[in-house]
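Subject: Structure handover

Hello,

Here is the structure I promised to pass on. Please have it open while you read; my notes follow below.

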Amino acid sequence: MTSTVAIDNQLLPSVRNFLGQPKRLLIGGDWVDPAAGETFPTVDPATGGVLCQVPRGRAIDIDRAVHAARVAFETGPWTTMRPNERERLLWRIADAITARADEFAQIESLDNGKPASIAKVSDVARTADLFRYYAGWATKLEGSTVNVSMTRVPDGEFHAYTLREAIGVCGQIIPWNFPMLMAAFKLAPALAAGNTVVLKPAEQTPLTALLLGEVFLDAGLPPGVVNIITGFGDAGAALAAHDDVDKIAFTGSTEVGRKIVDAAKGNLKKVSLELGGKSPNIVFADADLDKAVPGSVNAWLSNQGQACVAGTRLFVEDSIFDEFTRAVAEHVARTKIGPGLDPDTQMGPLVSQEQLDRVTGYIDQGIADGARVLTGGKRWGTEGYFVEPTVLVDVHPDFSVVREEIFGPVVAAMPFSAADGVDEVIAHANDTIYGLAAGVWTTDLSNAHRVAKRIKAGSVWVNQYNASDLALPFGGYKQSGWGRELGADGIALYTQVKAVNIAL
């Protein structure tokens, strides 16, 4: 279907062609129509216009995809393929993503709203790097030998060892804020370990997942190893509840995460969850302010604030509070807002009208509660889903803007006193149901280590924010999730250990 959005002259011909082609589900190595023949529109959040129609998969389509994944796991060539063959295939996928980086970046920008220039150097590049990183793991899934002491059989002689094996059919449900990258977080380790996958992208941002499907087929991925079903929450629920799925991985809100757990209990499938956050970002008076100001802005403004790790609770030592928050407000006021395809854009729109209403609703509630706006505070423009970067002060810990995940470009700044040590700010930082990430800014290395140790979060960044690495584990404490993605921990999520004990 031809897009109803006026196509910008900057669009690549391949992107125009992709948007104009009918979209289908990927099941068993073939592009197929959904069983019910339904479609839904995906829109450009910069304009609200329709980009194209996408197939709406239902429970019956999930069942078809799970069956294809099961056949591929049990009888296909995937699980018997030599590890170095899987390694080379994942490298081919990574190289193909790199070769089509501009195409992926434009499609991600059109579907999600983020600037294409940022999507290319961050989302797309990291996606390719993830496939390369986990390609190397395909040849390094090792067990161990164990010297056993069989006290119940004192005269026996045994040879015992462990095997690390793929789990089987994995359901993966990804969010709309980093559609391509979050797909890679899950796909790359699952495939390196020899699993098969049914991927369900968010209904708001299905397009780069479908383009990844083209890359997989072109790279020679065997039929049924990756299946892609676009649709709504009912499709995700069917995937989480399916009795022939061995593992479900979900990234999204804590509220939906609870539903995933409930759906998965039927066959007690393995579950990993990366959920919400309300991360603290702590700035001490001795911090290097030339770095702490832009770094603290990036902590909550990156990706239009639509990041689970966003440092949206800004704690600043009282002696520099006014100076620091004023500098932050001046910095964000200079942010260039605009469509993601504009090369000068620094911040694009939010993903949807629903998200725009949610974020502006939180801002209005914060103001009604007594918060003072240093900058921003309202919708930007009249077209699309843009909102001004907003800095709030004079907030109370009980305000909804402090306690709840807004998922937009809004920060609540609060002063703290370090005169009597760091107990106060640590208590406030940990006063949340979440525990995903935190930032600490100080030139006192001892203080940095002490605070990092006491913060209850899966990632703590010191004198920077969100400089993560593919080899470092990523996940949360408390209601921010179960398990860790990336690094060796990411492989552990998609493997299980078998103990073998042989009487000699």
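Asp342 first: with 25% relative accessibility, this residue counts as partly exposed. Its salt-bridge partner is Lys336, with 3.5 Å between the closest N and O atoms. Lys336 is partly exposed too, at 35% relative accessibility. Keep in mind that this is a predicted model.

Salt bridges

The count comes to 23 salt bridges. Two of them deserve a look.

Arg58 and Asp234 meet through their side chains at 3.0 Å, N to O. Arg58 sits in the loop between β4 (49-55) and α2 (59-74), and Asp234 in helix α8 (residues 233-241), so the pair ties together parts 176 residues apart in sequence. Both ends are partly exposed: Arg58 at 27% relative accessibility, Asp234 with a relative accessible area of 30%. The pair also belongs to a salt-bridge network that links Glu38, Arg56, Arg58 and Asp234.

Asp244 and Arg70 form another salt bridge, at 3.2 Å, N to O. Asp244 is partly exposed, with a relative accessible area of 29%. Arg70 is buried; its value is 14%, under the 20% cut-off.

Domains

The chain divides into domain 1 (15-275 + 481-500) and domain 2 (280-462). Each contributes 25 residues to the contact. Their centres, taken over C-alpha atoms, are 32 Å apart. About 1800 Å² is buried between them, and carbon and sulfur atoms give 61% of that. On the domain 1 side, Pro45, Ala46 and Trp176 lose the most area to domain 2, together 27% of what that side buries. How many salt bridges are there between domain 1 and domain 2? The count is zero.

Glu274

UniProt, in an unreviewed entry, lists Glu274 under "active site". Glu274 is found in strand β11 (residues 270-274). At 3% relative accessibility, Glu274 counts as buried. Beyond its neighbours within four places in sequence, its contacts include Phe250, Cys308, Phe474 and Glu485.

A sheet to check

Three strands make an open, antiparallel sheet in the order β5-β6-β20. β5 (145-146) and β20 (495-503) stand at the edges with a single partner strand each, so one side of each has no neighbour in the sheet. Nine bridges join β6 (residues 158-166) to β20.

Best wishes

Notes: Residues numbered from 1 in each chain as written. Predicted model: local features only at pLDDT ≥ 70, side-chain atom pairs only at ≥ 80, totals over all residues. Heavy atoms only, no water. Pairing = 2+ DSSP bridges. Helix = DSSP H or I, 4+ residues; strand = E, 2+ residues; numbered from the N terminus. UniProt positions renumbered as here; feature names shortened; annotations may be inferred. Buried < 20%, exposed > 50% of the residue type's maximum accessible area, 1.4 Å probe, protein only. Contact = heavy atoms within 4.5 Å. Domains from an automatic or database assignment. Buried area = accessible area lost by both parts, 1.4 Å probe. Salt bridge = Lys/Arg side-chain N within 4 Å of Asp/Glu carboxyl O.
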